[in-house]
Amino acid sequence: MGGTSSDTAGSSLRTTPGTTPGTTLRTAIAGVGMIGQVHLDAVRRSGAPVVGVSASTPARAKEAAAALGVGRAFDSSEALVTSDDVDVVHICTPNDAHAGLAELALRAGKHVVCEKPLTTSSATADALAALAADSGLVAAVPFVYRYHPMAAEARARVLDGRAGEVRLVHGHYLQDWLSEPGDTNWRVDAAAGGPSRAFADIGSHWCDLVEWVTGHRIAELTAVSQTVDRTDPAGDGAPVRPDTEDVVQLLFRTDRGATGSVTVSQISPGRKNRLWFEVDGTRTSLAFDQENPESLFVGSRGENAAVLRDPATLSPAAARLSVVPGGHPMGYLDCFAAFVRDVHAAIRAPGAAGGSAADGTGGTFPTFDDAARMVRLTEAVLDSAADRTWKEVS
Ligand SMILES: NC(=O)c1ccc[n+]([C@@H]2O[C@H](COP(=O)([O-])OP(=O)(O)OC[C@H]3O[C@@H](n4cnc5c(N)ncnc54)[C@H](O)[C@@H]3O)[C@@H](O)[C@H]2O)c1
């Protein structure tokens, strides 16, 4: 990341644009593939205008702007993130472009929502987090599973003591979209996706979520990884081994004495987006399944329950995210909408940058600091898998 370090961060920042209550937050989205369109929907639901988009080429940007009903197609993402006509930028490009665009945007005085992984190296992520902190701008990363009401309910039950002391955290995040020999994507290539694939792409979501739910931090870990051969579509059918991992299995200890494990895979047939975790406390166990997010398993020695999402009965932190009555299923798109609402609330509340306290229990939306931590964790995972030793996570 050109020129950014914690020493020099902020030296060439422009002034934060006027974002007092009622100000229209003109939003532009760099990259409108799968997730860029989810961001677009969330921003529109918040009431803010999406004033422009960019794509991999100017022609594609024009096509996308027309298809999505957006007024302006920027010729480049660099032009988009520095435009005087934009207050908030969403960076939804492949991973290798995140750091450069986020730095440009912050230096141009824009609030930034940048997709994960924030960067593909921890030094760059830390520098970017420092730049964001110095800027006073809101810099958020959509680890959006925090916004499932029943995940927030799990967190509330840990924080208020109903779960007891957390002893054990375990689970998995499984997908199948790379399980066939011919399956590929830009993520498979380390040059575009970064040195870690499965862990950076989805393992980071799981770790961010369980750290947020428990308040524990993964302090030490050991990992094994696996990469399977593919068939190169441009080759003669000979197997090729990608340079990024398909599977990570992780054992860890937290800073507060719990132990845990997680299996992360993108080659598990039939598993589409199976993020599942369980937190076992001294009083109750809490289990959440992202694909069935309307309930939370609460286990105890006496009786087990599936607590249903119902704003009338949930903890305040979960009820505030529960925007329709129970029995009217909510899901992934609602998480993004709630995330964007919190980001906008923070932009409009001077001093609130760096996480919303709207749920009364501390920040909900993940910041560049949280995202930089996940990049450091990812590096520890790769290092451990490479030399088969335990690693501390800074
Ligand atoms: N938070 C989440 O839940 C979540 C979910 C999916 C993806 N993501 C992240 O979002 C990012 C994009 O993933 P995706 O699944 O949408 O990928 P995608 O391949 O569907 O879309 C990426 C788009 O960016 C375009 N692009 C490439 N270079 C560009 C540039 N310089 N400027 C503008 N556009 C450019 C591509 O042509 C493509 O249309 C990744 O970093 C990924 O990790 C996050």
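Analyst: Y332 and F336 are four residues apart, about one turn of the helix, and both lie in helix α10; helices (H or I, at least four residues) and strands (E, at least two) are DSSP runs numbered from the N terminus. The model is predicted, local features need pLDDT of at least 70, side-chain atom pairs count only at pLDDT 80 or more, and totals for chains, interfaces and linings use all residues. Residues are numbered from 1 along each chain as its sequence is written, and side-chain values use heavy atoms, without hydrogens and water.

The ring centres of Y332 and F336 are 5.3 Å apart and the planes stand at 70°, so this pair is edge-to-face. Rings of Phe, Tyr and Trp (its six-membered ring) pair if their centres lie within 6.5 Å; planes under 30 degrees apart count as stacked, over 60 as edge-to-face and the rest as tilted. F336 is buried, at a relative accessible area of 2%, whereas Y332 is partly exposed, at 26%. Buried means under 20% relative accessible area, exposed over 50%, and partly exposed in between (1.4 Å probe, protein chains only). Y332 and F336 form one aromatic cluster with Y145 and Y173.

The structure holds six aromatic pairs. Another edge-to-face pair is formed by W206 and F252, with 6.2 Å centre to centre and 65° between the planes. W206 belongs to helix α8 (residues 198–214) and F252 to strand β11 (residues 247–254), so this pair ties together parts that are 46 residues apart in sequence. Both W206 and F252 are buried.
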